[in-house]
Amino acid sequence: MAQSTAAPTPTTQTLTPLPLRAIAPWAVFVGVLMLVLLYFVGAEQGATSLVSGEGVHEWVHDARHLLGFPCH
Amino acid sequence: MNSTTVRTLLVRGMLAGLGAGVLAFVFAYFVGEGSVDAAIAFEESGAHEHGEELVSRSVQSTAGLATGVLVFGVAIGGIAALAFCFALGRIGRFGARATAALTALAGFLLVYLVPILKYPANPPAVGDPDTLGKRTSLFVLMIALSVLLGTAAVLLGRRLAPAWGNWNASIAAGTAFVVVVGVAMAVLPSGDNTPKGFPATDLWEFRLASIGIQAVLWSAFGLLFGHLAERVLEPRAVRGRVATLVA
């Protein structure tokens, strides 16, 4: 597009960092929850097993391989 | 700018991760499944004994693949949104969209690309089940190292920037990262398990597909999340752009 300098660019305002105190509780709580999800997609019933059987492993089998996790 | 902002960004990060997961699933289904099938055909051509099938191949390659990729997308979306909250306004003069794009790029490099240079993705039939525990620990260790060293490199770059300028500081920090990661890769044990006779082309195509899936996932996440985060953090900038578009 030809319009280059016409409009003022309000995006250049610097953003104030979010205080660490506000981030920390979310980082701990949700961060751990997300890591548990990653564990179930990436490693459950492979190297270690919390649920017995092969169901979880077999169900996410293709995703586990294609996302790059060691599978079997 | 408080805890509510963090919560909003977190929710949007997970939604962006879900959206990116959908795209990555479509890519994985059309590009990746062919090489998974080729590897399984190789596996079954050998004397390898298989137990009864718990989940059929057609379910594994559709619903199963979708579950895995979508859950992965939501999880990395949440974690990347938290990383974004830390990075915002702390890594230089970047707006919300640029910070989101840089966070996604760092995620792709540190969580996927650097670790797989040492321990690449393997299709079925490649990898001895007896070494799975060791390979999983090494893979997780490699991701942890890569993320820690990457974070250290960013901090180093920020520390050097006032004296050296952004350009030189970034090059110095990037070089330090490459050197230290390179040494770690040289020291860590090899994870190679490829059986004799496995077609090299299939292996290459599988790994290329895996890289493609992660590239689609992270870039879609970075762009989607940047769009959503900007609306929370810079509503005036968004309104300004819309006004100029309409005018």
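Predicted model: local features only at pLDDT ≥ 70, side-chain atom pairs only at ≥ 80, totals over all residues.
Local features need pLDDT of at least 70, side-chain atom pairs count only at pLDDT 80 or more, and totals for chains, interfaces and linings use all residues. Residues are numbered from 1 along each chain as its sequence is written, and chains are lettered from A and ligands numbered from 1 in the order in which they are written.

**View 1. Helices α2 (residues 57–87) and α6 (residues 200–233) of chain B pack at about 55 degrees, with axes 11 Å apart.** Helices are DSSP runs of H or I, at least four residues, numbered from the N terminus. Axes are lines fitted to C-alpha atoms over the stretch in contact, and angles run from 0 to 180 degrees between N-to-C directions. From α2(B), the contact uses B:G73, B:G77, B:A80, B:A81 and B:F84; from α6(B), B:L217, B:F221, B:F225 and B:A229. Residues are in contact if their C-beta atoms, placed from the backbone, lie within 7 Å.

**View 2. B:A39 lies in helix α1 (residues 3–45) of chain B.** B:A39 is buried, with 22 other C-beta atoms within 10 Å; the cut-off for buried is 20 or more. Beyond neighbours within four places in sequence, its contacts include B:P123, B:V126 and B:F206. B:P199 is 160 residues away along the chain, yet the two C-alpha atoms are separated by 8.7 Å.

**View 3. Helix α4 (residues 132–164) of chain B has 33 residues and reaches 46 Å from first C-alpha to last.** Among its buried residues are B:F139, B:L149 and B:V154. Their cover includes α3 (96–118) and α5 (166–187) of chain B. After α4(B) comes B:G165, with a positive phi near 85 degrees.

Methods
Helix = DSSP H or I, 4+ residues; strand = E, 2+ residues; numbered from the N terminus. Contact = placed C-beta atoms within 7 Å. Buried ≥ 20, exposed ≤ 12 C-beta atoms within 10 Å, placed from the backbone. Expected span 1.5 Å × (residues − 1).
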